[in-house]
Amino acid sequence: MPKLDICFSPELLHLYPLEGQTAVIVDILRATSTIVTAMAAGVTEVFPVATLEECRALGQQHGCLTAAERDGLPAEGFDLGNSPFGFLDDARPVRGRALTISTTNGTLALQRSRAAAAIVVGAFLNLSAVAEFARREGRDVLIVCAGWKGQFCLEDTVFAGALAEALQADFDVRSSDAALAGLHLWQQARPDLAAYLLQSSHVRRLNSLEASKDFDFCLQIDRYATVLPRWHEDRL
Ligand code: 3SL
């Protein structure tokens, strides 16, 4: 039976053999939720990059939309920040456009996971699409939590537990303490996900930055149940 494990931070990735695995990259608040929303809104392809300079350069090279965030705030000089609502605004239709995006932790986690055999973007918004993909591929799964500047994040780990639970009939989700911890946190959080995650430090950070409506949006399970951003060469 293939194994499922959780890497709590990109800083720990050197401890995990990514080769041959399916990597699910998670930054619930907000990068992976935003990427899923962008694709659901009709963005054709996404170039996730680590630095603002790359984001700017790729935007010019491909003539695509640019989105960037640093420390929870939209970075200056880009079309969009990192709010999913930026892609749902009728005044700025995104359908048919390509996008390049750079965020503090999420796009970095994606870049650092590139040794994996398959890389997909996971969020509560597309939980079922990710679970189905992992089942179909049948490889070991590593859920990579983007965390916050190298540190553990509650919301990413709770999502990892939800995915572990969805896959527990087909994957060994009990031989790693990290996966067990994710499952336990999800079981605690599930009865009232929003109330549970209100305790998280990033939620407090976002509230203080007046991005709290993004919080409720990003916790919707399977709003985009068939959207699956998957890495191909240099883009999703
Ligand atoms: O770090 C990231 O990738 C972001 O998702 C952080 S924020 O939610 O935009 O603050």
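Visitor: What should I keep in mind about the model before reading its features?

Guide: This is a predicted model, in which local features need pLDDT of at least 70 and side-chain atom pairs count only at pLDDT 80 or more, while totals for chains, interfaces and linings use all residues. Residues are numbered from 1 along each chain as its sequence is written, and side-chain values use heavy atoms, with hydrogens and water left out.

Visitor: At what angle do helix α4 and helix α5 pack?

Guide: Helices are DSSP runs of H or I with at least four residues, strands are runs of E with at least two, and both are numbered from the N terminus. Axes are lines fitted to C-alpha atoms, for helices over the stretch in contact, and angles between N-to-C directions run from 0 to 180 degrees. Here α4 (residues 127-137) and α5 (residues 154-167) pack at about 50°, with axes 10 Å apart. Angles under 35 degrees count as roughly parallel, over 145 as roughly antiparallel, 65 to 115 as roughly perpendicular and the rest as oblique, and α4 and α5 are therefore oblique to each other.

Visitor: Which residues of α4 and α5 make the contact?

Guide: With contact taken as heavy atoms within 4.5 Å, α4 contributes L127, V130, A131, A134 and R135, and α5 contributes F159, A162, L163, A166 and L167. These residues divide into nine nonpolar, no polar and one charged, where Ala, Val, Leu, Ile, Met, Phe, Trp, Tyr, Cys and Pro count as nonpolar, Asp, Glu, Lys and Arg as charged, and the others, Gly among them, as polar.

Visitor: Which residues of α4 are buried?

Guide: Buried means under 20% relative accessible area, exposed means over 50%, and partly exposed lies in between, with a 1.4 Å probe and protein chains only. In α4 the buried residues are L127, A129, V130, A131, F133 and A134, and what covers them includes β2, β7 (118-122), β8 (141-145) and α5.

Visitor: How many salt bridges does the structure hold?

Guide: Side chains of opposite charge can pair when their charged atoms come close. A salt bridge is a side-chain nitrogen of Lys or Arg within 4 Å of a carboxyl oxygen of Asp or Glu, and the structure holds eight. One of them joins E11 to R112, with the closest N and O atoms 3.1 Å apart; E11 lies in the loop between β1 (4-7) and β2 (22-26) and R112 in helix α3 (residues 106-112), so the pair ties together parts 101 residues apart in sequence.

Visitor: Which residues are linked in a network of salt bridges?

Guide: The network links E45, D234 and R235. R235 pairs with E45, the closest N and O atoms being 3.1 Å apart, and also with D234, at 2.9 Å from N to O. R235 is partly exposed at 26% relative accessible area, as is D234 at 34%.

Visitor: Where is the cis peptide bond, and what is its omega?

Guide: Most residues other than glycine have a negative phi, and most peptide bonds are trans. In this model a cis bond joins L29 and R30, with omega about -5°, and R30 is found in the loop between β2 and α1 (31-40).

Visitor: What phi does D71 have?

Guide: Although D71 is not a glycine, its phi is positive, about 55°, and D71 is found in the loop between β4 (65-70) and β5 (73-74). E233, in the segment after α9, likewise has a positive phi, near 55°, and counts as exposed at 73% relative accessibility.
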